[in-house]
Structures are given as C-alpha cells and as structure tokens.
Amino acid sequence: MINDTHCHFFSSSFLEKLAPSGGGAAALAERLAWDAPGTVAQLADRWVDELDRNQVGRAALIASIPGDETAVADAVRRHASRLVGFFMFNPLSPDADTVIARALAEHRLRGVCLFPAMHGYRLDDERVERVFDAAAQHAAAVFVHCGMLTVGVRKKLGLPSRFDLRLGDPLALAQVALGFPKVPVIIPHFGAGFFREALMAADQCGTIHFDSSSSNSWTRFHPGLSLEDVFWQALTVAGADRILFGTDSSFFPRGWQRDIYESQQRTLEKLGVGAADQEKIFSGNFERLFPAPQ
C-alpha cells in the first residue's frame, strides 16, 4: 500500500482567494494551463480516481490558503475512508482562535499547517504554542514548513512572494514541540534546506517526523548531497518510524506524481532498507498517525 502525506487541494475557491482579481477559477486555471478544478465534489472525486489509478490507498489533502478549510472538509466528508484533511493556518490572523477551533472541532481536520516564512512569525512565538495546545485537544498533527519556500502557482501568476526564510527554523520548532509530547509534528521536505537543523531538532524531540515530499531540489544548497544521503541520514537519526512518504502533488492534469514515488522507492532499495521499514515509510506511519474512520 502507498499513502501520501502531502498533496494540495487546489480548489476553485483556493484560486479565487489567491488571485481575487484574476477573473475567477476557470480563467486562472486557463492562465496556468491547468484543468479547471470545478466543484469541490468534482475535484474530490477526481483525486480519488487518481489515487485508484496509481494504487494509492489514502492521501492527506491540504487546504493551501487560509480560509479554504471548508473545501477540504467537504472533500474529506465525501471520501472519508480515503482522504485526510490538513489546512494552512495563520496564527497571526485576528480570528485565529475561532478559525482553528472550527477547523479541528467542527470540520474534524487532522493537520494544522504552519508557514512561518510566508506569514511572518517565529516558531517559538506564544501564538504557535496555542496552535499546539489546540492540536493536543483535538488529537491533530502540526505540519510546519521550514527552510526554503517557493510557491510555484504564485510565481506563474506573478504574485509577490516576500518570504522571510529566517523564520522557518527547525530548532525553534523543537523547543515548542517538546512541551506537547502527544502532538505529532511533521516537517516536510526533510527541512527544505535546513537539513542539519531538522536532524538536530528530530534528535532532540521524538515527536518530530519528516515528510519526504517533492523532488527535494533544496539539496542544491548542499554540494554533494544526494537523495540517497538524505534518506540515510534521516533514517540514522529519526529511524523509519518517523519518515512519512509524500509527493507534493497538486494540480491536474499532472495529477499524482508517480515519478517521485518511484525515485524514492529506488533510493530505499539502493540503501538496502528492508520491506518492513519501507512499509512504515510508504504507508504504516501514515496509518498510525491518521487511522481511518471505522
């Protein structure tokens, strides 16, 4: 079985919120050379069809702009056995406490996604502690984008991306996470360039997991570092129990990025990672953190 911890649900409302003067979702999709997302139900069904086509059991879908939680919640309700809902959250927003309570309690989303470089806060800010407290109350995970941050859709639409990369420090994250020992923490892309710091954070804090998603092109900032090296170091420090497979898939017609799975599977084979540990990475850890509803 394959489970994917990192997919983006680029709904019609996501596009409209991202570029409100862009003429609507269909027009923006045409500019991007994407298929129009259609309704939430249509996009949710397309995702499940895509998972079926690639023999993927379950996937986490991220509401990829603050305010789009309802779209992902509706998609998850439609396919509760296949989809898990995450949502991008800005703890600095004036209605932050209301938004997170509704997303976790009413919509039953399972992962709070923090992007400190995008929204401009430190990870050891007291408002981040409130995020962890809410996650602890609702048995949710906290997903934190550290390191390098690029958002392809923003670039394509010519939208500004004034991200402060200094704010995505895994060491600051570990300091907060240590205070919430029952809250799983997910750092995508192995720290996206802050690899050494992410390894140190994971060594200090046993709740920190890595997701392996995307091409991991951040390795270009570490001369000589290969994907094989990344997996070996992560396995050495965190172990197979704390690595979650992900692709960073997002739009159609590209769909689910099978090439990323195949590349990572070949890498693990080359490293001699056994079947039991591969099962944990590609599916088991996901099932442990996000068990399917009964």
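This report walks through the cores, aromatic pairs and helix packing of a predicted model.

## Ground rules

Residues are counted from 1 along each chain as its sequence is written, and side-chain values rest on heavy atoms, with hydrogens and water left out. Since the model is predicted, local features need pLDDT of at least 70 and side-chain atom pairs count only at pLDDT 80 or more, while totals for chains, interfaces and linings use all residues.

Helices (H or I, at least four residues) and strands (E, at least two) are DSSP runs, numbered from the N terminus.

## The nonpolar cores

Let's start inside. In soluble globular proteins, nonpolar side chains tend to be buried together. A nonpolar core here is a set of buried Ala, Val, Leu, Ile, Met, Phe, Trp, Tyr and Cys residues joined through side-chain atoms within 4.5 Å. "Buried" means under 20% relative accessible area, with exposed over 50% and partly exposed in between (1.4 Å probe, protein chains only).

The largest nonpolar core has 73 residues, and the members that touch the most others are F87, L114, F132, F190 and F210. There is also a second, separate core of 32 residues, which includes F10, L28, F115 and F251. What does F210 touch, leaving aside neighbours within four places in sequence? Its contacts (heavy atoms within 4.5 Å) are I187, F190, A198, L199, A202, A234, A238, R242, I243 and L244.

## Aromatic pairs

How many aromatic pairs does the structure hold? There are 19. Rings of Phe, Tyr and Trp (its six-membered ring) pair if their centres lie within 6.5 Å; planes under 30 degrees apart count as stacked, over 60 as edge-to-face and the rest as tilted. F115 and F143 make a tilted pair, 6.3 Å centre to centre with 35 degrees between the planes. F115 sits in the loop between β4 (111-114) and α6 (116-119) and F143 in strand β5 (residues 141-144), so this pair ties together parts that are 28 residues apart in sequence. F115 is buried at a relative accessible area of 6%, and F143 is buried too, at 1%.

W256 and Y261 form a tilted pair as well, with 6.3 Å between centres and 35 degrees between planes. W256 is buried at 4% relative accessible area, and Y261 counts as buried at 16%. Back at F115, there is a whole cluster to look at: F86, F115, F143, F286 and F290 form one aromatic cluster.

## How helices cross

Two packed helices are described by the angle between their axes and the distance between the axes. The axes are lines fitted to C-alpha atoms, for helices over the stretch in contact, and angles run from 0 to 180 degrees between N-to-C directions. Angles under 35 degrees count as roughly parallel, over 145 as roughly antiparallel, 65 to 115 as roughly perpendicular and the rest as oblique.

Take helix α9 (residues 170-177) and helix α10 (residues 195-204): their axes come within 8 Å and cross at roughly 15 degrees. That makes α9 roughly parallel to α10. Here P170, L171 and A174 of α9 meet E197, A198, M200, A201 and Q204 of α10.

Helix α11 (residues 227-237) and helix α12 (residues 258-271) pack at about 65 degrees, with axes 10 Å apart. That makes α11 roughly perpendicular to α12. On the α11 side, L227, E228, F231, W232 and L235 make the contact, and on the α12 side S263, Q264, T267, L268, K270 and L271 do.

## Some residues up close

L235 in helix α11 touches A240, I243, L268, V273 and I281, not counting residues up to four places away in sequence. Its C-alpha is 9.7 Å from that of D277, 42 residues apart along the chain. N285, in helix α13 (residues 275-289), is buried at 2% relative accessibility. Beyond its neighbours within four places in sequence, N285 contacts A240, D241, R242, I243, L244 and K280.

In helix α4 (residues 69-78), E69, A71, V72, A73, A75 and V76 are buried. The buried residues of α4 pack against β1 (2-9), α1 (12-18), α3 (40-53), β2 (56-63), β3 (83-88) and α5 (96-106). L83 lies in strand β3 and is buried, at 2% relative accessible area. Leaving aside neighbours within four places in sequence, L83 is in contact with V48, L51, A59, L61, A75 and V76.
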